[in-house]
Amino acid sequence: MSAVDKNKANKVEGTSAAMIDFHHPYTPYDVQLEFMRTVYDVLERGDGQVGILESPTGTGKSLSLICSALTWLRNHKRSQYETSLEQVTVGMENEPAWMVESMLRRKREEVSRRWEEREEALRKIREKERRAEERGAKRAKRARTDDGERKRDVDEESEFLVEDWEGGGGDDPLSLLSKETRALLERIKDEADEGEVEDEIKIFYTSRTHSQLTQFISELRRPAFPPSLPGDLLSALGDTSETETVKHVPLSSRQKLCTHPTVSRLKSLAAINDRCAELQQSKEGKKCAFVPNQENVKQTHQFRDSVMATLPDIEDMHQIGKELQICPYYASRTAIPGAEVITLPYPLLLQKSARDALGIKLEGNIVIIDEAHNIMDAVANVYAAEIRLTELRRGRQMLGVYVKRFGKKLKGENRVMVAQVGRVIEALSQWLTGAQEAKGDNGIVDANGLLKARGADQINLYHLIKYIQDSKLAYKVESYASYVEREDGEQSKLSPSAPVLHTLVSFLTALTNLSTEGRIFYEKIPGKSPDIKLSYLLLSPTHAFSSIASSARAVILAGGTMSPFDDYKAHLFPTFPSSKIATLSCGHVIPPSNLCVWTLASTRPIPAGTANASATDVFEFSFQKRSDRTLVKQLGLAILNICAVVPDGVVVFFPSYGYLDEVVKVWQTPDPAGNTKPVWERIEAKKTVFRESKGGSSDEVLQSYTQAILSPDAGASQTGALLLSVVGGKMSEGINFSDRLGRCVVIVGLPYPNINSPEWKARIEYIESSTAARLTGGDGSAAPDDAGCAPMGKEQAQAVAKQAARDFYENACMRAVNQSIGRAIRHRNDYAAIVLVDRRFGTDRIRGKLPGWITGGMVDGSERKGLQGLMGALSGFFRSKKGS
C-alpha cells in the first residue's frame, strides 16, 4: 500500500501524528485523518521525502492538504524558535549563568517584538479593510492618462524601430527591468530578509487551472491555526491570541495581474510580456508608472502588507494593485519573503526560468502539486511548441513589411539579426512545403535537416532567440503590422490572432532543448485550406522535473485519481529509493452501500467450470475487434437495458470520438428484416440522448443534459437523459456529474493511445532506451537499487526496460479511465453505479490499476454473471435508494 508502512506513519519523529489537532473546521472522517497524518509524516521527515496521495473527489482533499500542511508548518516554526534559544545556551555553555539568562531574555524579547510588530501591523490593516467594507467606501483613484489611450500622432521610428543591440542583458531574469526597478526590488528583498526569521519554510501550492487555485484559496480561509510563536513567549507579551492569520500570496502571469490600461488589453501573454518589458526602459514619457520605483515605495509596502493581512485571491490582489496604483505582478514579489503559503499555476512552478524570474527558491521548502494525475502531461505541455506553415508565411510577410519601412534605419547587429530571422523562417517554410507534397501524413523529423535551406543551420539559435527577446522584435513587428492595417482601414490580414513571431521563438527554444529528451514531428492538417505543422514533444518529464524533486524539503503529489502510481515513481523520481516515497490510496467517504461497481465481460453468464464466455458473447473492445457490428449492437442493447433501470442521468464514455461516431452509425441503422426499431430509437424512447462532439460546445451540451434531468419538459415520455462522451474529452475531466446527473457511469473498452502514431513510437523507444541506460549505468548514474545491488546486465536491463515501456503505455490508458470514473460520486451522500464494459476489466493486472475505492466497491464475480446479472444488481441497487 505504501513505501512507508502506514501503521507506523501515525508516529512522527518527536510528535505523535495520531494525537495532533489538525485544526480541521469540521469533524474529519477517518479517511481524512489518514490522509492528513500521511501528509504530516512526509513533511516532518523532510530530506527530499515524496508523498503520492490519492483521495477521491468529495472527500475534502483540499481542506485536508491545508490543515495538515499548515499545522505542520506552525508546529515547525514554534520548534525553530525553541531551537534558536537552545543554540544560544549551547554557544554560551562556559559563560556565567546570569550572562546566559540575560542573552536568552534578549533573544526572547527580540523574537517576540518582531512577531508582535508584524501581527499588530497586519491587525491594523485588517481593521482598516473591515471599516472600509462597512462604509462601502472605495479608495479614491488618481486620474491617470496614458499615452496609449488618447489619440496622438504616432512617431513610427520611436514606436516600432528596434534599438541598437549589443547583446547585453546576461542571464539575469530581471535584466529586462530598468536599473532603478531592479535596485528597488533588490533593496526591498534585502529589507524583507532582515525582518524575517532566517530560512523560514514556505509551502508552494500549485494546481492546473485558475479556478482550482481560487477554490483552494477559498478553502484556505476556512480553518484557523494557532500562532507560530511558542506559548511562553506569547504569555510574556500578554498576547491572548488563539489564532494567527495565514500569510498567503497568490502569484500569476502578467495576463492576470497587469493593471496598465493598454497593456492589459493586448490579446496574447507574449505580447503583454514584451510590451511590459519595453515600458520598463527609461524612455521619457513612455515608462509604466505602476511598476515599483523610488517614488512609490510607500504604495509597494502598503500592497505587501495588505496582501499579508487579507488572504487574497488573484482578483483581490489585482484590485489592491489598482487601488494603490501599483503593479501587482511586480509588487507581489515583495510579499514572498514573509509568506507562509504561495499559490501559483503549473507553468510558473514547473519552469525553472519562470521560478527564477519570480525570485522563487524551492530549496528547503514544501511543494504541493494538486490535481497531479496530469503532472507528467503538464510538464510536457510547458515545454511543448508547434508552428504551422501558414503562420510562417504570415510571419515572413509581416517581417517583409517591417523591413521595407525600417530596413535602411537598422544598424549593425540589428540588420544582421533581422536577416537571420528571415532566413530561419524561409528554411522552416521550405522544409514544410516539401513535406506537404511528400507522401505520409505524419512522422518524426530529423532536427538537423530542418534548417539546411538558406544556410540557416549555421545560425546560432541561442544568440538569435536572445536577440528577439531582448530587442522585442516580435512585438514591434506585429505591432507595426497592426498599425499599418489600422491606418489603411483594412481588416486584419497581416497580423494574426496568435502572435506568429512569438510562436516562432517558442519553437526555436524547443529546438535548443536536449536532443535525447524531445522529438520533433510533422503532421498534415486536412480541411478546406490544408496546412502542415511542426511540433516539439518532450518525451520524458524526468530532467525538467528534477530541479523540483532535488531541491524541495518534501514534495506532495495529490489528486482524486492518481492510480496507477508506478509512473510517477519511474518518471518523476527515478533515482529515489522506495524509502523516500510514501503512497496512499484513500477510501471514499460514502458508505459501501452507495456504490455498485460491475464488470460486464459478456452478454450471457459464464457457466461454472468454464474459463471464458463464447467468442460471440464476449465484450472486448480492442482495436482489432471493436468494429464488429454484432459486438456494437450487443453494446447498444446493454446500454438500452441500463437506461431502463437507472433513474435520471447515465454517462457513457467511449475510447475515442471516431469510435463514438462509428457506434452511433451502427445503432441508427434500421434492422434489415424490419422486425425491430433501430437501437438508437429504442434508447431515445427511454432517455433523452445527448452526444459530445469533438468541435462542439461542451457547455451547451452539458446545460441541455442537466435541464433534461432536473427540469424535463412536461409530458415527456423519457425519464432522465443519456450522455455519450469520450475518455480524455471535454466531459471526462473537471465536470461534476453529482447526484441525479450521474447515477451511472459506463466505461466502454480500454482507451489505449494509438501505439502506431509517431509520438507514441518515440515515447516507447525513449523509455526503453533511457530505462536500460539507467539500469546498466549507461546514463552515468550507475545508481544501485534499494538492496544495494550493482547495475544490471544488458539483457536483463533490456527486458525490464521493455516492460517499463509497456507499463507506461497501459498506465496512460488507465489514468484516463480513472479520471472518467471519477466524474460520479462527488460527496458523502451521493450514490452511483459504475459499469466497466470489457472482459479485460476482469483481469488482475487491469483491476490493480483502478483506484482503491473502485476495487473496494467491485461486485465479486461480476465478470462471470453477464448482462442478466448486471440488470439484477442495478435493479436491487436503485430500488434500495428510492426515497434517498
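The model is predicted: local features need pLDDT of at least 70, side-chain atom pairs count only at pLDDT 80 or more, and totals for chains, interfaces and linings use all residues. Residues are numbered from 1 along each chain as its sequence is written, and side-chain values use heavy atoms, with hydrogens and water left out.

**Overall**

- The chain has 33 helices and 19 strands. Both are DSSP runs, numbered from the N terminus: helices are H or I with at least four residues, strands are E with at least two.
- Of the 884 residues in the chain, 52% are buried. Buried means under 20% relative accessible area, exposed over 50%, and partly exposed in between, with a 1.4 Å probe and protein chains only.
- Take the contacts in the chain between residues at least 6 apart in sequence: 80% of them join residues at least 24 apart. Contact means heavy atoms within 4.5 Å.

**Helix lengths and buried faces**

- Helix α17 covers residues 389-406. Its 18 residues should span 26 Å at 1.5 Å a residue, and its end C-alpha atoms are 26 Å apart, which agrees. The expected span is 1.5 Å times one less than the number of residues.
- Buried residues in α17 are L389, E391, L392, G395, M398, L399, Y402 and F406.
- An α-helix has 3.6 residues a turn, so residues three or four places apart point the same way.
- Helix α11 has 14 residues, which should span 20 Å at 1.5 Å a residue; its end C-alpha atoms are 20 Å apart, in agreement.
- In α11, the buried residues are V297, Q299, T300, F303, S306, V307, M308 and A309.

**α11 with α12**

- Two packed helices are described by the angle between their axes and the distance between the axes.
- Helix α11 (residues 297-310) packs on helix α12 (residues 314-324) at about 150 degrees, with axes 10 Å apart. Axes are lines fitted to C-alpha atoms, for helices over the stretch in contact, and angles run from 0 to 180 degrees between N-to-C directions.
- α11 and α12 are therefore roughly antiparallel to each other. Angles under 35 degrees count as roughly parallel, over 145 as roughly antiparallel, 65 to 115 as roughly perpendicular and the rest as oblique.
- The α11 and α12 crossing is right-handed. A crossing is right-handed if the near helix is turned clockwise from the far one by less than a right angle, and left-handed if anticlockwise.
- From α11, Q299, Q302, F303, S306, V307 and T310 meet M317, I320, G321 and L324 of α12.
- The contact of α11 with α12 holds five nonpolar, five polar and no charged residues. Ala, Val, Leu, Ile, Met, Phe, Trp, Tyr, Cys and Pro count as nonpolar, Asp, Glu, Lys and Arg as charged, and the others, Gly among them, as polar.

**I314 in α12**

- I314 is found in helix α12. At 7% relative accessibility, I314 counts as buried.
- Leaving out residues up to four places away in sequence, I314 touches H210, P250, L251, S252, K256 and L257.
- I314 and T214 are 100 residues apart in sequence, yet 7.5 Å apart in space, C-alpha to C-alpha.

**Two partners of α22**

- Helix α18 (residues 412-437) and helix α22 (residues 500-511) cross at roughly 80 degrees, and their axes come within 12 Å. α18 and α22 are therefore roughly perpendicular to each other.
- V421, V424, I425 and L428 of α18 make the contact with L501, L504, F507 and L508 of α22. By class, this contact has eight nonpolar, no polar and no charged residues.
- The axes of helix α20 (residues 461-471) and α22 come within 10 Å and cross at roughly 150 degrees. That makes α20 roughly antiparallel to α22.
- The crossing of α20 and α22 is left-handed.
- L461, L464, I465, I468 and Q469 of α20 contact V505, L508, T509 and L511 of α22. The residues divide into seven nonpolar, two polar and no charged.

**Backbone exceptions**

- Most residues other than glycine have a negative phi, and most peptide bonds are trans.
- D47 has a positive phi near 55 degrees. D47 sits in the loop between α2 (30-45) and β3 (49-54) and counts as exposed at 62% relative accessibility.
- D648 has a positive phi of about 60 degrees. D648 lies in the loop between α25 (629-645) and β15 (649-654) and counts as buried at 17% relative accessibility.
- The S563 to P564 peptide bond is cis, with omega near -5 degrees. P564 is found in the loop between β12 (554-559) and α24 (566-572).
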